[in-house]
Amino acid sequence: MPEASERIVLVGAGLAGSLLAVLMARNGQPVSLYERYPDPRKQTVPAGRSINLALAERGRMALARADLLDTVEAFALPMIGRMLHDDKGQTQLQKYGQRDDEVIWSVHRGHLNQALLDAAEAQGVEIHFGHRLDGADFEQQRLHFIDQDDQACPVDFDLVIGSDGAGSALRKAMDAVSPLGVREEPLGHGYLELTIPPGPVGNFQMDPEALHIWPRGGYMMIALPNPDRSFTCTLFLQNEGEPGFDQLAAAKDMRAFLEQAFPDAVALMPDLDRELAEHPVGFLGTLYVDQWQLDRRAIILGDAAHAIVPFHGQGMNAAFEDTVALADRLANEPDRQQALADFQRERKPNADAIAAMALDNYLEMRDRVREPRFHLKKQLEWALEARLPGEFIPRYQMVMFHPEIPYAEAWARGERQAALLDRLTEHREQLDEIDLNDACEQARQALQQA
Ligand SMILES: Cc1cc2nc3c(=O)[nH]c(=O)nc-3n(C[C@H](O)[C@H](O)[C@H](O)COP(=O)(O)OP(=O)(O)OC[C@H]3O[C@@H](n4cnc5c(N)ncnc54)[C@H](O)[C@@H]3O)c2cc1C
């Protein structure tokens with residue numbers, strides 16, 4: 001364990017940074033936390049990415065490690081499945097899992113961040129708001145921050161940890177000293193957030209126990225419930241093309257498109273014109289970084305190391321898993337450089353795996369859910385899971401509800417299972433056309449070939 005007099009600086013008090021500060025402080029490793037924006041508990045900060053987030057088992061495990069699960073669940077809303085809205089306005093609920101506890105949770109990003117900041121301060125973490133990292137001198141072990149009055153604030157460090165998000169300033173400073181192998185792959189699709197407010201008597205206007213999806217083939221809209229009984233809707237659409245954000249740049253064109261593609265949702269959006277005038281289109285892409293560490297002096301984690309597209313709802317969950325892994329390595333491995341290397345070795349394959357699965361899930365949510373064969377495969381997956389408990393677990397379930405299975409393993413097992421499901425459902429339309437005993441046998445064999 002590092003000595004208490006060591007100067008450990010964490011850059012970025014977002015979701016990962018504030019949770020890591022709590023975990024490290026609980027391990028007896030005091031850290032100083034620097035955040036570019038003012039304290040969000042005292043004033044409104046610029047709107048960040050996505051108002052609400054899906055929290056799943058991996059994130060819940062990390063919160064439980066910090067004894068924060070009850071605090072967060074007090075303002076989280078459980079979602080039991082996907083509510084599909086077809087183009088005729090018909091809805092169909094697809095449950096996420098067969099067990100009642102297989103639910104995911106809608107949490108408000110701001111409330112979650114504030115709860116984590118409260119917890120960090122309660123653990124004695126010093127938080128310096130309004131300090132933007134502007135550069136780093138790794139020879140001198142000195143960070144250069146700019147405060148809210150535009151004054152330079154040098155801060156000395158022994159270890160600096162970058163939890164400063166996808167545009168990480170620390171990553172850029174490290175990369176300038178020793179190239180990290182950074183690659184950004186834009187998705188070519190962006191997102192736009194809209195709101196379905198509470199109804200006339202303060203009611204939810206749709207089922208609050210579901211994540212709503214309007215899959216339209218090539219694009220889609222989703223909606224997650226909020227504790228104030230509103231829903232935050234997110235339109236995902238290509239940046240260029242027919243239809244694309246470029247062609248729908250004028251608010252009236254976007255309104256006409258939304259009315260045609262999602263009439264049932266638009267009917268519940270009285271503030272649509274104002275939101276179309278004010279809300280920006282967000283960027284989506286995947287960030288790959290080969291090297292997360294600079295010897296014993298610096299490490300990045302969360303979105304700073306592996307930002308992913310949001311279609312599996314796992315970016316924050318993965319970042320939370322990182323915090324537990326890094327806090328454990330730093331607490332248990334006395335050789336600092338080794339601890340950081342071990343952390344990267346454990347997490348990088350998992351980050352790559354969830355990046356790939358998140359990209360694949362966009363195709364599933366916007367396209368495949370519309371196909372009858374997709375639903376047959378889902379039924380078969382569930383039948384196999386029920387007959388082979390613990391052996392056959394659908395990939396979605398592994399990612400969302402089985403944190404004991406690393407992402408990389410979920411991906412590899414999922415690939416084998418997908419090939420099997422393809423084979424077993426070929427030329428079939430109904431589950432009763434499939435011999436389930438034979439399917440179980442084939443599933444066992446496929447999984448044993450690992
Ligand atoms: C549309 C959308 C929907 C999403 N939905 C989900 C979801 O449902 N579930 C899920 O698990 N994930 C989701 N994500 C992903 C999730 O938002 C991120 O993975 C998560 O926020 C990463 O946390 P982080 O702490 O690494 O980075 P961030 O949350 O980005 O925090 C970085 C912090 O660093 C600060 N900072 C930045 N630069 C500096 C600097 N130079 N100096 C000091 N401070 C700095 C920032 O102000 C911020 O506070 C979604 C993302 C998007 C875009």
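## Helices H12 and H15

Helix H12 (residues 372-387) packs against helix H15 (residues 436-448) at an angle of about 75°, and their axes are 10 Å apart. Axes here are lines fitted to C-alpha atoms, for helices over the stretch in contact, and angles run from 0 to 180 degrees between N-to-C directions. H12 and H15 are therefore roughly perpendicular to each other (65 to 115 degrees; under 35 is roughly parallel, over 145 roughly antiparallel, the rest oblique). Helices (H or I, at least four residues) and strands (E, at least two) are DSSP runs, numbered from the N terminus.

Leu 380, Ala 383, Leu 384 and Arg 387 of H12 meet Leu 436, Ala 439, Cys 440 and Ala 443 of H15. Residues are in contact if their C-beta atoms, placed from the backbone, lie within 7 Å.

## Basis of the model

The model is predicted: local features need pLDDT of at least 70, side-chain atom pairs count only at pLDDT 80 or more, and totals for chains, interfaces and linings use all residues. Residues are numbered from 1 along each chain as its sequence is written.

## The open sheet

An open sheet of 7 strands has the order E6-E5-E14-E15-E16-E13-E17, with mixed pairing. Two strands pair if DSSP finds at least two bridges between them. At the edges, strand E6 (91-95) and strand E17 (282-289) each pair on one side only. Neighbouring strands of the sheet are turned by 25° against each other on average, direction ignored.

Strand E13 (residues 182-196) and E17 run antiparallel, joined by 7 bridges. Tyr 191 has Gly 282 in E17 as its bridge partner.

## Helix H11 across the sheet

Helix H11 (residues 336-366) lies across strand E14 (210-215), strand E15 (220-225) and E17. H11 runs at about 65° to E14.

Definitions and conventions: Contact = placed C-beta atoms within 7 Å.
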